[in-house]
Amino acid sequence: MKWSIIRVGIMTMFMGVATIVLGMTDDDREQRRAERHQRKLQQYKSGWNRLIPKYQNIQYAGSMGLLSLGVGWDYGKKKQWETEIMFGLVPRFSSNKAKVTFTLKQNYAPWEVSLGGKWWLEPLVTGLYMNTVLSDDFWVKEPEKYPSNYYKFSTRVRFHIFAGQRVAFDLGPHSPFRRITAFYELSTCDLYIISSATNKYVKTWDILSLSFGVKLHIL
Amino acid sequence: MKRAILYGIILFLCGCDLIEYHPYDVRLHGETDINAKNIARIEEICEGKDTLRFVLMGDSQRWYDETEDFVKALNNRDDVDFVIHGGDISDFGLTKEFMWVRDIMGKLKVPYVALLGNHDILGNGMDVFLEVYGKENFSFRAGNTKFICLNTNALEFDYSHPVPDFTFMYNELQDTVGCLRTVPVMHVQPFNVEFNNNVAYGFHALLLEFPGVEFCLHAHSHTLLHEVLFDDGIPYIGCAAMKDKNYLLFTLTLGGYEYEVVYY
């Protein structure tokens, strides 16, 4: 390629860009900046909006507290996946203090069957949750005073598995809640499974924990 | 829908045991204060007896089936006055574990007392122990023999909680009138990592102040032990864990003591 052709090309590009930039008025520039700002703001808001919990839930018992309150998010093609966080309260009973617990719960509800009208049945809901006692009397890893591997487990964090069922009722668009769901669950935790697996004496029934709850769908 | 609600209510009513607020909730039901009740029975059974026969077992922990077999084996004999559970009733300190062992041991025909083990202190297990069994340090008389049962799980506590509790031991020392023999019982023996070994010699010296100490008893090590720990000929005798399916049968007579390992 001849040098003269390249030179002409570069000159043309430079003049074109110069024409666009110099040809803009201050108003145009201001408007472009405002649009860009709006777009950014929109992205930012919709990003955080996605984090707004879709529903609130209350759960009674279930080895995570006498009563646990929390919020949850449903997602997936059929909204079959749910993630919940909850805080629970365990009264002191015969111990020396009451306990507050935190639960991270993952649900899987693959089916939803219409019961006619506004009623729905979710015939199987299953999943797992991790519960931690918010108290220094319980430890995640045994304190350093112990020889290593002395107890080999955490008194503070329990892992639970559960299965249950739900009934839901649609309240319609202008109600405080879009839908209200009642459920029950049967659960058990890691240390109970170990105890039952190694002993005939500890029956499955002995290690099950029954809970009830309500989900209030807002979004 | 109505049917579903009805089934739900029935399930709830049938399964109140199914309601659990937390594995460490210490929500107790059933018998409590077992040691005090059984000590009254032991003292009554052994009153005026010159020969005592008792069983030392311990570390039932997660061996529920084996503990159940132990109870069956012991109920088949009628020559034992009482049983001492040397501690580690539970494995994780969970409330339910204490309930399970209490229900199993409750089927014993003879009375039993239970000591506090280090595993029983995990989480808030000690709160369960205090409610279901009673004090961490206690003593009783069987005939003219004094049994002094001590919490020696020092590693689980700090200095604000004396383990072993010398004040308790001094006070017990003032109550030895008419006592010909003393049997100290503990979960952890001196020189174990769980024991407060800074006071091991002082602890042993204070025990020897009691009348007629010929041997000391412990559990914890999960193996049969007979060790003289202080060069004075006094053995510390330890029972195995329930998984080994044996217990120690002690016979105390005016002339001395003997023990045998009984497998079941």
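Let's start inside strand E1 of chain A (residues 55–61), where Ala61(A) is found; strands here are DSSP runs of E with at least two residues, helices are runs of H or I with at least four, and both are numbered from the N terminus. Keep in mind that this is a predicted model, in which local features need pLDDT of at least 70, side-chain atom pairs count only at pLDDT 80 or more, and totals for chains, interfaces and linings use all residues. Residues are numbered from 1 along each chain as its sequence is written, while chains are lettered from A and ligands numbered from 1 in the order in which they are written.

Ala61(A) isn't a glycine, yet its phi is positive, at about 65 degrees. Asn149(A) isn't a glycine either, and it has a positive phi of about 60 degrees. You'll find Asn149(A) in the loop between strand E6 (119–133) and strand E7 (157–170) of chain A.

Are these residues buried or exposed? Ala61(A) counts as buried because it has 24 C-beta neighbours inside 10 Å, and Asn149(A) counts as exposed because it has 7. The cut-offs are 20 or more other C-beta atoms within 10 Å of a residue's own for buried, 12 or fewer for exposed, and anything in between for partly exposed, with C-beta atoms placed from the backbone.

| Residue | Phi | C-beta neighbours inside 10 Å |
|---|---|---|
| Ala61(A) | about 65 degrees | 24 |
| Asn149(A) | about 60 degrees | 7 |

Chain A is split into domain 1 (3–49) and domain 2 (55–217), with bounds from an automatic or database domain assignment. Taken over C-alpha atoms, the centres of these two domains of chain A are 54 Å apart.

Over in chain B, the peptide bond from Val163(B) to Pro164(B) is cis, with omega near -5 degrees. Pro164(B) sits in the loop between strand E5 (145–150) and helix H6 (166–173) of chain B.

Now for where the chains meet. The contact involves 37 residues from chain A and 30 from chain B, counting two residues as in contact if their C-beta atoms, placed from the backbone, lie within 7 Å. On chain B's side, helix H1 (2–14), helix H3 (64–75) and helix H5 (125–132) each give two or more residues. H3(B) has the largest share, three residues.

Chain B has a mean pLDDT of 95, and 95% of its residues reach 70 or more; pLDDT is the predictor's confidence in each residue, from 0 to 100.
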